[in-house]
Amino acid sequence: METELPSSCYTDATETTVQSARKKHEPAQAKKLNGDAVFRYLTTCFAFSIILILALMLYEMTGESMPAIKAFGWKFVKSTEWDAVQGIFGALPYLYGSVVSSVLALALATPLSIGAALFITEVAPARVGALVAPLVELLAAIPSVIYGLWGVLVMAPWLQSTVQPFLIEHFGFIPLFQGAPYGVSMLAAIFILMIMVVPIITSITREVLLAVPQSQKEAAIALGATRWETIKIAILPYGKSGILGASILGLGRAIGETMAVTMVIGNAPNISLSLLSPAYTMPSVIANEFAETTSKLHASALMEIGLILMLVTLIVNALARLLIWSVSRSAKGGAA
Amino acid sequence: MMHGMTFRKTKNHLMSFVMLACTLAVLIPLGLIFFHIVKMGVSSLSLDFFTHIPAPTGEAGGGMANGMFGSAIMIAGASLIGLPIGILGAIYLSEFGGSKVSTGIRFAADVLSGTPSIITGMVAYTLLVVPMKGFSGLAGSVALAMIMIPIVLRTTEEQLKMVPGSLREASLALGVPFWRTSLKVTLRSAMSGVLTGILLAVARIAGETAPLLFTALGNQFWSKNVMQPMAALPLQIFSFAIAPYEDWHKLAWAGALVLVTVMFALSLTARYFGRSRHAR
């Protein structure tokens, strides 16, 4: 792999950038072996390997998905039947599980994260903020398998013994809370995803809030606004697109999250309105079945799920990055 | 007028309280997770954990020595592949890159680091496991390297950009070739920041599980050959946590404690290096 990446990047794409780079830094020209030229060539290749990796991923995923795409067409995303023995593959339950779990987790996580980020940057005394902010960042780095371990051994049993019986008894008339308390369920997945994405959204939102120019706040304070009014009229509107970007980035994480969700969601390909019943997601089915596929078509169907997952997260991440960049760029422009 | 003022003040206090409540709601579950990892982890941790391989199903005792060893090997392999690509790529972005090209590469790196890591595992599977006809530690290393590269690239670039141009000019004026200036002057003076990025990237891949599921696969026994299936600590935590045996759950908690401790040590060291450079 080490030699494969750079060697396959000796393509025409690199040529043009070497030339443009050459224009920029006119080197003290050729002695024997031109170290600078070699160096430039090497670094160019390595930098372009990022684009190459991305392209390679898309190419491989698409190629491997082709048998399933040809065999099922649109039926793949509309059908609920998934039978590896008979060779019938429909991915709707996984799509449904991914969308419901990540969207609901995000709906719970976003307001909490914005509140916490505002507290850290605007309300808390500087010393408290300086203590909490790195703590939240540290938490964003905990591996998902550890969230999953806690989820399956502590949270799911607690949901089963306490929360779910309560919901069934008092809110059982709502279809969302009907059924039996299994513990491992869509609800457990939503909770664990919420706990996982909150530190991520909080720390990005905090960065966005820090980029709001001081003059913006001072203007509101000079007009006699209280702290909350300053937040409402000066800070939130300014950071709006960045905060939106932060939560979309959280959505990307939630959709792609594999280990923790696989451990708590119950892994049953149901489409059920009830949040208490077990469900399944796109990454979970890949994690559970990919190493033990029974046929070429089975592997290809899982690849197609991976391809869908990749395209969705690509779009979501690209959108989020653009929104966050737009805030930090305009903040820099405003400061100058 | 007075009434309006008190109403606004009350609302201000109320919203401050709501924001405090949000912060607590964020921190409490995370505090609970920590509490359980430390409590369950410490009580299951023993010397055996660091020296033995897992005991057979249903038997008490055993450890995750093979998993820790396998993780170390695969992280070293991933660093060997990922660090040169990431760091030299970053030199291109900060020293040579035209603005449009660099933006494209930066964007690709950001998008790549947001791609679910399980996809990386699938790609490494088709590129390495299938042609080589078998799961291997090497395939695991490559999958981890693909996660590492964009992180190292972006953090290193940020650090290189902070090196003042006058330093480069001074070196070039002394007749030092550009490539030596980049490596010996520019990169070296940004070293502490670069190290921060490297440590954070290592911490990130140390906990990755999904990309190893169908590359390294895992191994119940000692696995010292990188061309064979290899054990990894996160993989063991996963399979032991979902197994129905109390003894295995204990091992999983101990593994979690070790993993979290390693990650925090890496993060704190990274922070230390980061701070010494540009104190705020």
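# Guided tour of a predicted two-chain model

Start at Asn267(A), in the loop between helix H11 (259-264) and helix H12 (282-289) of chain A. This is a predicted model. Check the backbone here: Asn267(A) is not a glycine, yet its phi is positive, at about 50°. Most residues other than glycine have a negative phi. Asn267(A) is partly exposed, with a relative accessible area of 25%.

Jump to chain B and select Lys133(B). It sits in the loop between H5 and H6 of chain B. Is Lys133(B) buried or exposed? Its relative accessibility is 75%, over the 50% cut-off, so Lys133(B) counts as exposed.

**Along helix H10 of chain A**

Return to chain A and pick Pro237(A). It lies in helix H10 (residues 227-256). At a relative accessible area of 40%, Pro237(A) is partly exposed. Pro237(A) and Val212(A) are 9.9 Å apart in space and 25 residues apart in sequence.

**Annotated spans**

Colour chain A by its UniProt record next. An unreviewed entry places "transmembrane region" at residues 38-59, 94-120, 132-159, 179-201 and 305-324 of chain A. Select residues 38-59 of chain A. That stretch is 100% helix and 0% strand, with its end C-alpha atoms 29 Å apart. Then take residues 305-324 of chain A. Here too the chain is 100% helix and 0% strand, and the end C-alpha atoms are 28 Å apart.

The annotation "domain: ABC transmembrane type-1" (unreviewed entry) in UniProt covers residues 68-270 of chain B. Over residues 68-270 of chain B the chain is 76% helix and 0% strand. The end C-alpha atoms of this span are 21 Å apart.

**Aromatic stops**

Trp82(A) lies in strand S1 (residues 82-83) of chain A and Tyr94(A) in helix H5 (residues 92-123) of chain A, so the contact ties together parts 12 residues apart in sequence. Both Trp82(A) and Tyr94(A) are buried.

Next, select Phe96(B) and Phe178(B). The ring centres are 5.4 Å apart with the planes at 40°, so this pair is tilted. Phe96(B) is in helix H3 (residues 65-96) of chain B and Phe178(B) in helix H8 (residues 178-189) of chain B, so the pair ties together parts 82 residues apart in sequence. Phe96(B) is buried, with a relative accessible area of 1%. Phe178(B) is buried as well, at 9%.

Phe72(A), Phe76(A), Trp82(A), Phe89(A), Tyr94(A) and Tyr280(A) form one aromatic cluster.

Now look for charges over rings in chain B. Arg180(B) lies over the face of Trp179(B), at 6.0 Å from the ring centre. Move to Trp222(B). The charged end of Lys224(B) sits over its ring, 5.2 Å from the centre.

**Cysteines**

Select the cysteine sulfurs. A search of the whole structure finds 0 disulfides over all chains. Cys45(A) counts as buried, at 1% relative accessibility. Cys22(B) also counts as buried, at 13%.

**Last stop: the cavities**

The largest cavity has a volume of about 90 Å³. Which residues line the largest cavity? From chain A come Ile53(A) and Met57(A). From chain B come Leu112(B), Ser113(B), Thr115(B), Ser117(B), Thr120(B), Met146(B), Ile147(B), Pro150(B) and Arg204(B).

Colour the lining by element. Helix H3 (35-72) of chain A gives two or more residues, as do helix H4 (99-114), helix H5 (117-129) and helix H6 (137-161) of chain B. H6(B) gives the most, with 3 residues.

Note on methods. Residues are numbered from 1 along each chain as its sequence is written. Chains are lettered from A and ligands numbered from 1 in the order in which they are written. This is a predicted model: local features need pLDDT of at least 70, side-chain atom pairs count only at pLDDT 80 or more; totals for chains, interfaces and linings use all residues. Side-chain values use heavy atoms; hydrogens and water are left out. UniProt positions are given in the numbering used here, feature names are shortened, and annotations may be inferred rather than shown by experiment. Helices (H or I, at least four residues) and strands (E, at least two) are DSSP runs, numbered from the N terminus. A disulfide is a pair of cysteine sulfur atoms within 2.5 Å. Buried means under 20% relative accessible area, exposed over 50%, partly exposed in between (1.4 Å probe, protein chains only). Rings of Phe, Tyr and Trp (its six-membered ring) pair if their centres lie within 6.5 Å; planes under 30 degrees apart count as stacked, over 60 as edge-to-face and the rest as tilted. A charge sits over a ring if NZ of Lys or CZ of Arg is within 6 Å of the ring centre and within 35 degrees of the ring normal. On a 1 Å grid over the protein atoms alone, a cavity is a set of points where a 1.4 Å probe fits but cannot get out, and a pocket is an open set with protein on both sides within 12 Å along at least five of seven lines; lining residues have an atom within 4 Å of a point. Grid points are joined across faces, edges and corners, and a volume is the space filled by probe spheres set on the points.
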